[in-house]
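Please look through the following sequence and model.

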Amino acid sequence: MLQPGANWYIPINTSSWNITIYTKFVPTSTAPPTQIPTATPVPTATPTPTSMPHTSTLSFYGNAGGGITNYVYGNPYKLYNVPNGTSYTLPTKAQLISWGFVFQDGWDIDYYYTGSGPRQPGQAWYIPINTSGWTIVIYTKQISTPTPTPTPTPPPQICELEFNDNVIKAGSYNLKYSRNWNYVQDIPNAYKNDIANTNVIGESFAVTFVGTQITWFGATNSSCGAAKVYIDDVLIDIVDCYSPTRVDMVELFKSDVLASGSHTLKVVLTHLRNPSSTGHYITVDKIDVVSIETPAFYTIALNDSIKGVANEQLKFSAEWRPGAIGGGVYGNDCTITNTPGSTLEVSFVGTGIKWYGAKGANIGIADVYIDDAFVERIDAYASNRIETLLFDSNTLPDGPHTLRIELLSIKNAASSDYYITVDKIEITKVY
Ligand SMILES: [Ca+2]
Ligand SMILES: [Ca+2]
């Protein structure tokens with residue numbers, strides 16, 4: 001009698017070997033069946049309606065042909081304003097090692113799809129081997145608002161500035177002439193080939209500036225006189241401008257180093273002169289200022305004698321002619337017309353332009369255009385004659401512009417004629 005599991009004997013070469021089997025009831029387990037868990041559905045991500053920031057770069061790092069290759073998508077290595085959901089395809093057959101993005105501050109990847117479905121950043125992902133045309137679909141999100149970088153304010157700095165004799169205002173620098181000065185061009189050895197001069201005793205020029213030092217450059221010659229030089233109204237020196245022959249760009253006066261701040265240089269032509277001199281001329285060619293700031297703007301004066309068709313020259317129509325010289329005109333000259341339809345055009349590069357001329361009892365009316373657009377009608381009639389500012393464009397966008405002045409066939413009822421005059425044009429420019 002054998003029990004289940006016991007050893008038993010196998011009879012050899014025996015026929016009619018019998019086995020008799022007895023069964024018994026074994027009750028089944030009462031434990032409940034194990035539940036097979038229901039798979040959690042992968043949530044469907046909703047694309048965020050944002051765009052990839054401008055400076056995002058997508059890089060695939062792969063092994064192609066034995067070397068590590070950086071496949072930067074796009075050329076030249078930047079993606080510009082790419083909409084969400086844009087797909088990128090690996091350009092060549094490669095074994096990917098890694099891939100990634102470079103985002104600007106405040107942006108990051110939200111999620112992406114590859115061949116194995118939606119992924120979140122940090123999840124494992126499938127690396128296709130030796131696969132070309134592998135595609136990734138990318139959604140970005142803005143994770144913070146970037147803090148704008150404040151524009152740095154440059155610290156005050158010492159800078160040496162050169163001003164030509166026709167630069168009459170720049171930043172904290174201001175050059176003013178008294179009435180009887182001449183403006184002369186085509187001087188070969190002068191700074192920017194021009195110079196201002198006078199030979200009228202008592203005439204002067206003054207420079208106000210914010211800085212620590214100032215230098216006056218001009219010519220010496222056999223007809224030059226002597227000038228008193230004042231700093232902040234204190235007589236500092238008497239400068240003899242005589243030399244036997246003409247020399248340009250002479251350092252006529254250089255101040256000591258002054259306390260940083262606003263100062264005034266004033267130069268006055270005296271009756272004194274070198275016994276060898278034949279005249280009393282003094283000149284201004286250039287002013288140097290050691291300043292504590294860099295002026296953003298400067299103003300140049302174009303005397304009406306600067307005639308021509310080039311940039312920053314005065315293009316008068318044929319009817320204009322030299323005018324009678326009244327008191328206080330710039331450069332001791334002016335240009336006039338009383339023919340309706342006469343025009344003056346000035347092309348320039350800068351941020352503003354001004355027209356100086358006369359008001360008076362015989363002055364007419366002109367229209368002013370900037371860049372071919374009508375800007376202002378100028379009625380320059382006045383009962384008493386005065387040299388003055390007639391038109392100011394105010395601030396224009398920095399760049400090339402054109403001023404056009406056109407004399408009309410109408411006039412103020414009180415005016416006796418149609419004249420307009422041009423004494424000088426001033427242009428504001430940006431350094
Ligand atoms: Ca000059
Ligand atoms: Ca003039």
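A residue counts as buried if 20 or more other C-beta atoms lie within 10 Å of its own, as exposed if 12 or fewer do, and as partly exposed in between, with C-beta atoms placed from the backbone. Strands here are DSSP runs of E with at least two residues, helices are runs of H or I with at least four, and both are numbered from the N terminus.

The model is predicted: local features need pLDDT of at least 70, side-chain atom pairs count only at pLDDT 80 or more, and totals for chains, interfaces and linings use all residues. Residues are numbered from 1 along each chain as its sequence is written, while chains are lettered from A and ligands numbered from 1 in the order in which they are written.

Strands of a sheet pair through backbone hydrogen bonds, either parallel or antiparallel. Two strands are taken as paired if DSSP finds at least two bridges between them. Strand β9 (residues 167-170) pairs with β10 in the antiparallel sense over two bridges, and K169 stands opposite N174 in β10. The hairpin of β9 and β10 has two residues between the strands, and G171 takes a positive phi near 55 degrees there. β10 also pairs with strand β13 (residues 204-220), in the antiparallel sense over four bridges. The bridge partner of L175 in β13 is V207.

E387 lies in strand β28 (residues 386-392). Why does E387 count as buried? It does so because 20 other C-beta atoms lie within 10 Å. E387 and A358 are 29 residues apart in sequence, yet their C-alpha atoms are 4.4 Å apart in space.

For the whole protein chain, the count is zero helices and 31 strands. Of its 431 residues, 29% are buried. Two residues are in contact if their C-beta atoms, placed from the backbone, lie within 7 Å. Among contacts between residues at least 6 apart in sequence, 77% join residues at least 24 apart.
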